[in-house]
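Have a look at the picture before reading on.

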Amino acid sequence: AAANPAFGAYDDSQELDTNVDLGSTILSRFDLIFILRDLRNEELDAAIARHVVSLHTSGDAAAGPGGNGDGDEIPADMLQRYVHYARTHCSPRL
C-alpha cells in the first residue's frame, strides 16, 4: 500500500498516523512500514527531469525489437511465431 502525506509534505515532528491519513485499522495490518521521503532539491529534480525527457525525445526509450530506436511495431510473423512457441512450450492458461 502507498499513501501520500495528509498535508502535502511529511512533517517529522508529527506521528505517522497524523502524516498519513489512513485509519489505525488499516495500518495495523502491516508488519513493516517504510517511510520514503523526497527531500526538496530543485537542482536534482531538474536534472532528473531533463534526463527522463532526453530518454523519451532521443528515441532510446522507444526502441523496437531490433533495438533501432524507431519504435516500430513487432512484425506479424514474429508475433505469430512467439505465440505458437508459447502455446506449445509454456502451457498458458487463461
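Q: Is Leu79 buried, exposed or partly exposed, and why?

A: Leu79 has a relative accessible area of 43%. Buried means under 20%, exposed means over 50%, and partly exposed is what lies in between (1.4 Å probe, protein chains only). So Leu79 goes down as partly exposed.

Q: What should I know about the model and the numbering?

A: This is a predicted model, where local features need pLDDT of at least 70, side-chain atom pairs count only at pLDDT 80 or more, and totals for chains, interfaces and linings use all residues. Residues are numbered from 1 along each chain as its sequence is written, and side-chain values use heavy atoms, with hydrogens and water left out.

Q: Where is Leu79, and what makes the nonpolar surface patch there?

A: Leu79 sits in helix 4, residues 76-89. Together with Ile74, Met78, Tyr82 and Val83, Leu79 makes a nonpolar surface patch of about 460 Å². Patch residues need over 30% relative accessible area and no salt bridge; nonpolar side chains (Val, Leu, Ile, Met, Phe, Trp, Tyr) are joined within 5 Å, like charges within 9 Å. At 43%, Leu79 clears the area cut-off.

Q: How many helices and strands are in the protein chain?

A: There are four helices and zero strands, running α-α-α-α from the N terminus. Both kinds are DSSP runs: helices are H or I with at least four residues, strands are E with at least two.

Q: Why is the pair Asp12 and Arg37 called a salt bridge?

A: Their side chains meet at 3.4 Å, N to O. The rule asks for a side-chain nitrogen of Lys or Arg within 4 Å of a carboxyl oxygen of Asp or Glu, so this pair qualifies. The two residues are 25 residues apart, with Asp12 in the segment before helix 1 (16-19) and Arg37 in the loop between helix 2 (24-27) and helix 3. A search of the whole structure finds one salt bridge.

Q: Which residues form the negative surface patch?

A: That's Asp38, Glu42, Glu43 and Asp45; Asp and Glu count as negative. Glu42, in helix 3 (residues 42-58), is exposed because its relative accessible area is 74%.

Key. Accessible areas come from the Shrake-Rupley method with a 1.4 Å probe; for residues, only the protein chains shown count as cover. The place of a charge is taken as NZ of Lys, CZ of Arg, CG of Asp or CD of Glu.
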